[in-house]
Amino acid sequence: MKILKFGGTSVGSAQRIKDVARLICDGVPKIVVLSAMSGTTNTLVEISDYLYRKNPDGANEVTNKLLLKYLGLLDELYRTEEYRQLARKLIFERFDFLRSFMKQLFTEFEEKIILAQGELLSTGLMNLYLQETGVRSVLLPALDFMRVDRNAEPEPFFIKEKLTALLESHPDAELYITQGFICRNADNAIDNLQRGGSDYTASLIGAAIHAEEIQIWTDIDGMHNNDPRYVERTLPVRQLHFDEAAELAYFGAKILHPTCILPAKLNNIPVRLLNTMQPDSIGTTISNETEKGKIKAIAAKDNITSIKIKSGRMLLATGFLRKVFEIFENCRTPIDVVATSEVGVSVTIDNCKHLDEIVDDLRKYGTVTVDRELTIICVVGDLEWNNVGFESLIVYALKDIPLRMISYGGSNYNVSLLIKASDKQKALQALSDHLFSAPNH
């Protein structure tokens, strides 16, 4: 069985819901994971913000606008009055539930319940549309099988057991529709998967049932070899290794979250990135296969801060790096890139919430220099050290751009370069021109 996930823009209107229905109705059973309709989750966040500020009137006004948007779908989406009324009933039930939170103390607990309503609406409306067209469609409530533990990590054995039982209870279904993003936590309260959201849901479901393939449908035709917002003539990458895709996702490729493909990788399930607007496009296939000796793509991560710690005591001093990294750990601040020398270490971070505290603690061990407004450029491909020449290609492409830091060796799939943010577009274009027009690349 295949798992198909559709993002918010793919179900963002009545017409797009119909388009998705045509894509998934081919007579082959599959599980379909849906995000909330585009714009819905942001609106639910806005409603929650009003309720945190004890402004129920503001929350109610935004709620009414969102309600009108959903009611506006009915005439276009459904052919019969029977199904229009069923959909209307579903919509009003969800929105009456939303309004029930405007009369009580509002906490993070209630916010998570509110944020879950978008996926419950999109899946409910899709399921009714499919049933109206004669498809044997069944709703699989994600809240009945998707659960995380006290560390917010998914519980694979629980997911497999509950999901298998649900599937077995509907053996004649053609399509199983379920929600992405939402889950329950260890206290059985409504929660969400945060990292990767609906993509993560699809990957976890795929792993639980040993799926044939996981398809992630969005509004672009796969992962491109560079950022089309900054670079001319980018092309979709047809094939990526899981580790290549994870590097690109972590360092800026927005089409995919780096965490979400891990269950697929561990279970050797191919992931395909496809375009709802161009369903005949080949897209990108992600698997455990590597195209030898090939540079695949470039990504950029913005809002980077570099911290350099210089210390004469570092020379031959055991424990120095441990002390440095413990400071970042204690401040719950992940490090992106690291470079070391005999007298110092440079690291980059993308979260400056605790920067002052980090710098104060680092000054116990040496002189600290902080540089802001930087960008990490990530070049990804089969970059094993014995593949001679790729380093010179990369560095030569950036010969006119100052390089603050270079990192290689932590992965066979990535070279990271730190530059000034103002040089980002020039660097991305130069790398594309040099790497993807060179022979064999």
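Figure 1. On a 1 Å grid over the protein atoms alone, a pocket is an open set of points where a 1.4 Å probe fits, with protein on both sides within 12 Å along at least five of seven lines, and its lining residues have an atom within 4 Å of a point. The model is predicted, and local features need pLDDT of at least 70, side-chain atom pairs count only at pLDDT 80 or more, and totals for chains, interfaces and linings use all residues. Residues are numbered from 1 along each chain as its sequence is written, and side-chain values use heavy atoms, with hydrogens and water left out. The second largest pocket has 25 lining residues, and K5, G7, G8, S35 and S198 lie nearest its centre. Two or more residues of this lining come from each of α2 (40–52) and α9; helices (H or I, at least four residues) and strands (E, at least two) are DSSP runs, numbered from the N terminus. The space in the second largest pocket is about 570 Å³, a volume being the space filled by probe spheres set on grid points joined across faces, edges and corners. The lining comprises 14 polar, 6 nonpolar and 5 charged residues (Ala, Val, Leu, Ile, Met, Phe, Trp, Tyr, Cys and Pro count as nonpolar, Asp, Glu, Lys and Arg as charged, and the others, Gly among them, as polar).

**Figure 2. Helix α9 and its surroundings.** Helix α9 covers residues 197–209, 13 residues in total, and reaches 19 Å from its first C-alpha to its last, close to the 18 Å expected (1.5 Å times one less than the number of residues). Because 12 of the 13 residues of α9 are buried, the helix is largely enclosed by the rest of the structure; buried means under 20% relative accessible area, exposed over 50%, and partly exposed in between (1.4 Å probe, protein chains only). Among the buried residues of α9 are S198, D199, Y200 and L204. H210, with a positive phi near 55°, follows α9.

**Figure 3. Helix α7.** The end C-alpha atoms of helix α7 (residues 117–132) are 23 Å apart, which agrees with the 22 Å that its 16 residues should span at 1.5 Å a residue. Helix α7 is mostly covered, with 15 of its 16 residues buried. G134 follows α7 and has a positive phi, near 95°.

**Figure 4. Aromatic pairs.** The structure holds 6 aromatic pairs, where rings of Phe, Tyr and Trp (its six-membered ring) pair if their centres lie within 6.5 Å, and planes under 30 degrees apart count as stacked, over 60 as edge-to-face and the rest as tilted. The F6 and W217 rings are stacked, because their centres lie 5.6 Å apart and their planes meet at 20°. This pair links distant parts of the chain, with F6 in strand β1 (residues 2–6) and W217 in strand β7 (residues 213–218), 211 residues apart. F6 and W217 are both buried. The rings of F97 and F101, with centres 5.1 Å apart and planes at 75°, form an edge-to-face pair. F97 is partly exposed at 34% relative accessibility, whereas F101 is buried at 5%.

**Figure 5. Charged ends over aromatic rings.** A charge sits over a ring if NZ of Lys or CZ of Arg is within 6 Å of the ring centre and within 35 degrees of the ring normal. The ring of F158 has the charged end of R147 over it, 3.7 Å from the ring centre. The charged end of K301 sits over the ring of F251, at 6.0 Å from its centre.
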